[in-house]
Amino acid sequence: MDGIQVDLDGLLKTRPAGDSEVIEAMVGGYRAPVYRLALSILNDADEAEDAVQDTFLRAAAGIHRYQIGTNFKAWIYTIAVNTCRDYLRKRAARAARDKVLKAIHVLTEEAPDPEAAAIQKESRTRLWDLVNQLGEKHRLVVILRLANNLSIEEISQILEIHEKTVYSRLYDAFKKLRQQLIQLPEYDNYWFEEGS
Amino acid sequence: MNDIHRTAFEFFQKGIDEGQADQKAGGVLGSHLATCPECQLDVRLYQGLQAEAALHWPEAAQPARSARELLDVLDAQQARNRRIQKVADPIRVAAWIILMVFFVLAINWAIANLRQEPAVTPSPTEEEQFAPPPVIATPTPRPSEGELQKIPLEPFARGGEAVERGIWSPDGSYLFFELSELPDGPLAGRSYSTLNFLHPESGEICQLPQKLLDFISLANLARWLPENRVLFVPVWAVPPEDEPGDSVPPDEPDAFFTGESGVYALTPCDAEPLDLSDRFSEPVFSLPAWNEHGPLFLLQGQSQYWLLDGNTLDARPIENPAPSSGGEDRQSWSPSGEQLAIIQPDPQRYGERSILHVFEVETGQVVRTVEIPYGEEFNTPIIEWLLEDTIYVWAFGEAGPLLVDFSREDPVITAVLPGLFGLDLAYPDEFMAATVAADEAGKYHIAFKVNTPSDKSTYLYHSETGQVEEFTTNANTLFLFPDGDFESLPRAEDEAGRADEFELVWVDDPIQEPELLVVEGHIPRSYPALRPRRVPDQSKIIFASGQGVSVISILGGQLEGFWSLESEGGVPFLPEVSVSPTGEFAVVSAAIQFEDGSPWRSAFYLIRLEP
């Protein structure tokens, strides 16, 4: 990934920011990692696809604001995280609206298919289910750190917070996860068998 | 516990990021990581989450839309933007003209209204309550004066790796301290500690024949009683016979404090401790608080708290509250000594909420029970009395520190940072340090040194006026209070080679301007922060670093002495200074670190400050 960053910085030194070659290099280099980032935050493949597209639209429109020689990866990840946050907010608004509609019996919910529900449950990740119960600021730090393997410094740049705050949020997130984990009835049975 | 756990967590994370972890801290934190159950859980959680993430969001995951498709969308969007821009530009110019006309009209209106007297004085809005605090100008640096001549010191005692600075008797005639030793023979691999009394005037040391297996901290286990005796609860001393596989030299079966429920009064140089255990009907575990005016001592037993009268050595139980099962309580005596506060985890909401009990010492009756909306695992926040009806709770987390005012029937809890300072900061990461100080006149001060990328200021809150002052100098800060007390706040992100600048702030002194004192002779330090200690006559400050110990007069900045700790052939790490109550002597305790990798060693030095 660092190589891509160097190439992009090199391109930006010789070509205007909106040049098609710059945009192509940006999309080619960061399409997959930004998708993975969006997927880990949104947990929905369709929404992640849309978020990737929105991220690159925003990045292409604002690439002249990127400062050459800083960290392009952090720059575009910041845009991606903020885009995903917008999606989460829209999702929350949708959920609130659906709740109201259900309450007044306008929306009839289809009965879930038991088999599909079982498959879905099986495929879910157990520990990440706990992560998804965290508040956004704790959840984001865990996702960036553990699903995207970013350093504390990179997370600090992406979320535009102090490194100490990243440590603190990560610590608080783990504290909450520990509390949730030990309350699980199956905690003693499945908890971290070798190779899990 | 919580602090070291946080530090260990950070250390672990730094280790993941390309071995950035501080090797010096590694030994201590590494052993904490290895032995602390929640750290182990963190590590396994970390690994488990990574493993699940690799399955759920594999590196090879690719979006369905190809790069070409994305680029086509981008091209289409850019073309659309260009079209919109063509239309929007004339509209934007028109909008600017309208805005400018409004602006000119608004200015004219404002000038006209400023000439009129307001009919009614508006009540202050919430924003006005937190108007920007007055900013205090940065003073010119002033180096400490005097010839920097270092006087070499030889240790009066050496020990194993562990070190603690000791406790002075109230009259300054003895220092009670612990010395760890690394034995050979059957106890090789363990350590044991001896208890010692230093008589500084003669330099003699009396060592008690009883030993403690493994190093313990005297901090919550020993206090001076009247008549120069020490109240000692050797509970953490493990009886060797309880340790499977350990054998004790057969000729020393009584040479250890058994530590199961003992409470002793020790007299300097007297080999026979006075056993006070029969004053208690149950095992007693610690000595968490004391009131020097009584003197009264609070002891924590298996099922009850106990109060021991320092004069009569009689003990009485406290019915309520009972100690929490995890031993996580914190205690604090009120300024008058008439009330005692105990904070403990709320068992109903462990880790999230705490219960603060206030009871009258004389009657033992609980007079207040307050729910504190903050809790920690394996710990509770430190509490500190400011006034007779105001307690400061050193809470971490998003709320940050809290102020509990129970002067009214319904106690009022204020989040200090937003409520008193108007600051939106996360504790402890976005401010480095905090301190509180109260005086007998019924007022108190709270200070924070902030550490965000854009703000390195120090803020001081005055309870009397409700005002906040801001000090923008990025230096260590020393607040000198009118009653002679002082508090220091270290600069954030310090470096071992950076100048030791201390901004001296005379609190509530309308004449004395802040000064910037540059303390010389301590660079490079073996530890980033140079920590000041005040000597009893309150006109001097004493500093300690790996380079040595210096004494500087506050007014004038005169260097009055510099003592070097170089004699052991290694680097003294984290030296601690403890000045005797009379100000005649200072004891320095330090862990000596050797470049050749030899085990650390503790050393104790004595300085005569006044002839």
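This is a predicted model: local features need pLDDT of at least 70, side-chain atom pairs count only at pLDDT 80 or more; totals for chains, interfaces and linings use all residues.
A:Gln179 belongs to helix α9 of chain A, which spans residues 163-183. Its relative accessible area is 16%. A:Gln179 therefore counts as buried, since the cut-off is under 20%.

Attention now turns to chain B. Strand β34 covers residues 540-545 of this chain. Six of its six residues are buried, so the rest of the structure largely encloses the strand. Its side chains point two ways. B:Lys540, B:Ile542 and B:Ala544 point one way from β34(B). B:Ile541, B:Phe543 and B:Ser545 point the other way. All of these residues are buried, whichever way they point.

Strand β34(B) pairs with strand β33 of chain B, residues 531-534. The two run in the antiparallel sense, and four bridges link them. Within this pairing, B:Arg533 has B:Ile542 of β34(B) as its bridge partner. B:Ile542 is also one of the buried residues named above. The hairpin of β33(B) and β34(B) has five residues between the strands. In this hairpin, B:Gln538 takes a positive phi near 65 degrees.

Strand β34(B) also pairs with strand β35 of chain B, residues 548-553. This pairing is antiparallel too, with six bridges. B:Ser545 stands opposite B:Gly548 of β35(B).

Notes. Residues are numbered from 1 along each chain as its sequence is written. Chains are lettered from A and ligands numbered from 1 in the order in which they are written. Side-chain values use heavy atoms; hydrogens and water are left out. Buried means under 20% relative accessible area, exposed over 50%, partly exposed in between (1.4 Å probe, protein chains only). Two strands pair if DSSP finds at least two bridges between them.
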